[in-house]
Amino acid sequence: MKNTILVVDDNKPFRQLLIEKIQTETDFSVIGEAGDGFSALLQARELKPALVLLDIRMPDLNGLEIARLLKAEHPNVKIIFVTMYNMEEYREATKTIGANGYVLKSSLEHELLPAIKESLS
């Protein structure tokens with residue numbers, strides 16, 4: 001399956017919201033979810049998703065650290081950060097890591113699915 005997605009956010013209700021939003025599209029399949037950095041890495045190693053939706057502030061490892069490790073192990077994995085932080089330093093850090101997108105949680109309704117589609121096309 002080409003369009004597999006791992007959802008990583010420490011807020012379980014928000015994770016469920018993301019999953020529900022993604023499942024409205026038949027082209028995507030959520031294959032796993034994680035609520036902390038270590039679980040995210042284990043899930044990514046086991047499931048090998050095409051795309052990881054990743055929060056920046058997380059327990060154990062933050063999203064930037066997770067993304068660096070994911071890209072080192074799986075250079076072809078796509079990463080979209082989904083965050084509430086509209087900070088230029090975070091945007092620049094995610095670009096440096098090689099992230100494919102940066103979606104603000106406040107813009108989720110209009111930006112998430114287009115960002116996923118663009119990343120996976």
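Trainee: How many aromatic pairs does the structure hold?

Mentor: One. Rings of Phe, Tyr and Trp (its six-membered ring) pair if their centres lie within 6.5 Å; planes under 30 degrees apart are stacked, over 60 edge-to-face, the rest tilted. Here the ring centres of Tyr 85 and Tyr 90 are 5.8 Å apart and the planes stand at 75°, so the pair is edge-to-face. This is a predicted model: local features need pLDDT of at least 70, side-chain atom pairs count only at pLDDT 80 or more, and totals for chains, interfaces and linings use all residues. Residues are numbered from 1 along each chain as its sequence is written, and side-chain values use heavy atoms, without hydrogens and water.

Trainee: Are Tyr 85 and Tyr 90 buried or exposed?

Mentor: Both are buried (under 20% relative accessible area; exposed is over 50%, partly exposed in between; 1.4 Å probe, protein chains only).

Trainee: Which charged end sits over the ring of Tyr 85?

Mentor: That of Arg 57, 4.2 Å from the ring centre. The test: NZ of Lys or CZ of Arg within 6 Å of the centre and within 35 degrees of the ring normal. Lys 105 likewise lies over the face of Phe 14, at 4.3 Å.
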